[in-house]
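Please find below my notes on the structure you sent. They are meant to be read with the sequence and the coordinates open.

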Amino acid sequence: MLTLHHLEYSQSFRVLWLLEALGAPYELKCYNRDPETNLAPDEYKALSPLGTAPVVTDGDLVLAESNAIIDYILDSHPDSTLRPGAGDKDRARHLFWFHAAQGSLMSMQGIAMVLTLLESRTPWPISALLKAIFGKVRAMFVNPRLDTLFELMESDLGKLPFFGGDNLTAADITLVYPMYAARDKGTFAGKYPNINAWFDRIEALPSFIAARAKDDRPHIAFRFSE
């Protein structure tokens, strides 16, 4: 049986939600972060080729990387609507957002996170110079790309209720982590009504509610870390 090795406050919530949405049998093994470093414990790192979440095991197989795991699991559920097939009217939309989650949104968020870490951990006066340089990088590169991406999301969610189309798909599931990271930073406060309605929509789904219950956390607080 497939086992999800679930690290608290991590991208592995995606896989937990996917499994609940499928109604698939699985075992859940939870791991807490180190209270001092906030990193995954050594027991968890020993499982993963990169020491990062998520990780699943299935017999002798050990698999990491969110989208690889999602595709692997969906291969065992060929009739699921969570991955629209070739010829489905929502196929292209699903594929775009499924891959944009990692390829566009999280890559830009990752760059922003690295810039912030470098600023905060570099001693003055070098940090002041970095802040000026990184401010230009954000203004000229990172922020415009994120703004364009969020505007496209707002437009698409004004036409259909989910990123994958008429129904929940793996595109919504893979976007859940970076979208909550953005919301926690206040990105959608007071604007983007269609995006905010999407949050309300997924939070009302029985599969999402079940995943949150098994995650056993008092609130959603995704973090960009291992």
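The points below take up confidence, then the sheet, then the nonpolar cores.

1. This is a predicted model. The chain averages a pLDDT of 87, and 86% of the residues score at least 70. Confidence is highest in helix 7 (residues 193-203), at a mean of 97, and lowest in helix 5 (residues 126-159), at 81.

2. One stretch calls for caution. Over residues 218-226 the pLDDT stays under 50, although the model has 35 contacts beyond four places in sequence for these residues. Where pLDDT is low, predicted coordinates should not be read in detail.

3. The sheet is open and has four strands, in the order 2-1-3-4, with mixed pairing. Strand 2 (27-31) and strand 4 (61-64) each have a single partner strand, so they stand at the edges and one side of each has no neighbour in the sheet. On average, neighbouring strands of this sheet are turned by 20° against each other, direction ignored.

4. Helix 1 (residues 12-22) packs on this sheet, where it touches strand 1 (3-7), strand 2 and strand 3. The direction of helix 1 makes about 140° with that of strand 1.

5. How do strand 3 and strand 4 pair, and over how many bridges? Strand 3 (residues 55-58) pairs with strand 4 in the antiparallel sense, over four bridges. Val56 stands opposite Leu63 of strand 4, and Asp58 has Leu61 as its bridge partner there. The hairpin of these two strands has two residues between them, and Gly59 takes a positive phi near 65° in it.

6. The largest nonpolar core has 50 residues. Those with the most contacts inside this core are Trp17, Phe150, Met153, Phe163, Met179, Ile195 and Ile202. At least two residues each come from helix 1, helix 3 (66-75), helix 4 (91-121), helix 5, helix 6 (170-184), helix 7 and helix 8 (206-215). Helix 6 gives the most, with eight residues.

7. Which residues does Phe150 touch, leaving out those up to four places away in sequence? They are Leu105, Met179, Ala182, Thr187, Phe188, Tyr192 and Ile195. Phe150, Met179 and Ile195 are also among the residues with the most contacts inside the largest core.

8. Another core, of seven residues, lies apart from the largest one. Its members include Leu7, Tyr44, Val55 and Ala64. In soluble globular proteins, nonpolar side chains tend to be buried together.

Terms used
Residues are numbered from 1 along each chain as its sequence is written. This is a predicted model: local features need pLDDT of at least 70, side-chain atom pairs count only at pLDDT 80 or more; totals for chains, interfaces and linings use all residues. Side-chain values use heavy atoms; hydrogens and water are left out. Two strands pair if DSSP finds at least two bridges between them. Axes are lines fitted to C-alpha atoms, for helices over the stretch in contact, and angles run from 0 to 180 degrees between N-to-C directions. Contact means heavy atoms within 4.5 Å. pLDDT is the predictor's confidence in each residue, from 0 to 100. A nonpolar core is a set of buried Ala, Val, Leu, Ile, Met, Phe, Trp, Tyr and Cys residues joined through side-chain atoms within 4.5 Å. Buried means under 20% relative accessible area, exposed over 50%, partly exposed in between (1.4 Å probe, protein chains only).
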